[in-house]
Amino acid sequence: MSRITAEARVLRLEDVAPDDGLRAVSEGRGDVPARGVERAAANDARRVLGLANISLAFGGVTALRDVSLDVAEGEIRAIIGPNGAGKSSLLNVVSGLYQPDRGQIRFGEHAFRRVPTAKLAAHGVARTFQNLALFKGLSVFDNVLMGLAHRVSAGFLRQIVGSPHARRIDAENRAAVEEVVSFLHLSDVRERIAGTLPYGLQKRVELARALVARPRLLLLDEPFAGVTLSEKQELSEHVRNARDRFGTTILLIEHDIGLVMGLSDRVAVLDYGRKIADGTPDQVRADQTVIDAYLGVAHEDETELAT
Amino acid sequence: MFDYQFLLEVLIGGLLSGVMYSLVAIGFVLIYKTSGVLNFAQGAMLLFAALTFVSLVERGTSFVVALAATLAVMIALGIAVERAVLRPLVNQPPITLFMATLGLSYIIEGAAQLLWGTQVHGLDIGVSDIPFDVGGVFISRFDLFAAAVAGSLVALFTLFFRYTRTGLSFRAVADDQFAALAVGLRLPRVWAAVWTAAGIVALVAGLLWGARLGVQFSLSLVVLKALPVLVLGGFDSIAGAIVGGLLIGATEKLAEVYVGPLFGGGIEAWAAYVVALALLLVRPSGLFGQKLVERV
């Protein structure tokens, strides 16, 4: 109760429209934090990621239409939808691979028209890829270590000479890798060449690499695609454990609805580029629009959603 | 009676000169591994380094200062190549990049001669070529020195690749560029570093080859000798470049001495290519090269 009134007071004191910051940004000042953003952040301290009215079209094909979405700190947030619904486009907008035609992306208190991909890691965002982006020729350990590649490292000469500073950084990095590797039960395979592992394990290595830098927000691109049923269960356990242990906020897009419903705190559903539903798994499961989108007409024996 | 001592002498001479081939080949491997570009300009870089060094020394610069200055020039060259050639051509097909390095090789050669002239220079790096007598087998002191230098360079690179973070970045970029981008590695920076490293290798190779052959235009043709080494060892393996170099060096000398007379001599110049061609038919990716396995 008290928190709501506090927020209301902030709003009243500001006497500026809350989306003032948004307009400033959409006037094209790329990655400069917008005016009014600090105040907006005060409104929504627990929001890690906010998408506001994102639209994206490729020529005549509309991939995303006016999609808004927010991701609160520490939650597991899923985006589901049929093929071609715009899930991947949305993820690519969040990670800066696509620039939306309209709308704004906000990480914590920084607002962007287009997300600067190279600085993503610095903003505490990590991602995995649907078809994996592992170094298949390097060991598991080295793969995970590369998850820290973006960090400021000791100078080149210092590395060669092995100065105390370089050694300390090195030791810290190695400790971080060891922790994540054992946390995800990869210790047995830490020296194996990543490309020789089963697909499900490779996915776990990629998860480890994304987690090692302790991101605030972790983007998972179809994490369960192409893995076996038992691997799916394991992997979803690991995702949940990662959230519980490191407090990482997780945004995932996924096909496997049954799994997502069990794993996520909130689920948004996309269809033809529009958001047609957003809520807890139970709300989404009961939503008639969602059922129609997935199944056309809902037959009794086809209620995959209800599992 | 077969003269085993002579055989041994020829073999050792061949292996030691093979080390010199390896040295050139390693320059290729470094760049090929990390950027998928067959850098045809490696020979020109070698010439450029040797010519710069020798010209500085002839103008009265001390050995150490000239070495440091040449090193600085090679580093600048590496960074300039990344800026001016690689960066604008990023994501172009390999053949485009290859053509670019071909053009680059002529530009570097031209620049070297414009800057330092076209005369032949003698280069004395202070190692006399008096043979050692080891149990009746004569071994060239210079060859031994060259092999030691090449060996320590390789050892340094190996340690560097294995134990430093920059080395790990090199290996990562060589392994998968997309994944490297995904974890936020700055590819331009890595490429500049790799070209710098290749420049350092070119400097060392240039000095050794220059001392052997004299510093002159034809030094840039040493690359042609490195090609069979690469075919043999695989384009993406430093170990392969070393073994390939040794094999080619030994084969060349042995062929010249024992098979040469059958053809009236002079086969040293092309025996290596025959070996490389034969191997290509059997193992297209070389002895150590990564075999590409693709799902069909």
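The model is predicted, with local features requiring pLDDT of at least 70 and side-chain atom pairs counting only at pLDDT 80 or more, whereas totals for chains, interfaces and linings use all residues. Residues are numbered from 1 along each chain as its sequence is written, and chains are lettered from A in the order in which they are written.

In chain A, an automatic or database assignment gives domain 1 (2-124 + 217-233 + 250-306) and domain 2 (131-214). Nine residues of domain 1 of chain A touch nine residues of domain 2 of chain A, contact being heavy atoms within 4.5 Å. Between these domains about 560 Å² is buried, 68% of it from carbon and sulfur atoms, where buried area is the accessible area (1.4 Å probe) that two parts lose on being put together, summed over both. Of the area that domain 1 of chain A buries against domain 2 of chain A, 53% is supplied by A:A121, A:L218 and A:E231.

The contact between the chains involves 18 residues from chain B and 20 residues from chain A, and the area buried there is about 1700 Å², with 63% given by carbon and sulfur atoms. On the chain B side, B:R165, B:L168 and B:V183 lose the most area to chain A, together accounting for 40% of what that side buries.

Notes:
Side-chain values use heavy atoms; hydrogens and water are left out.
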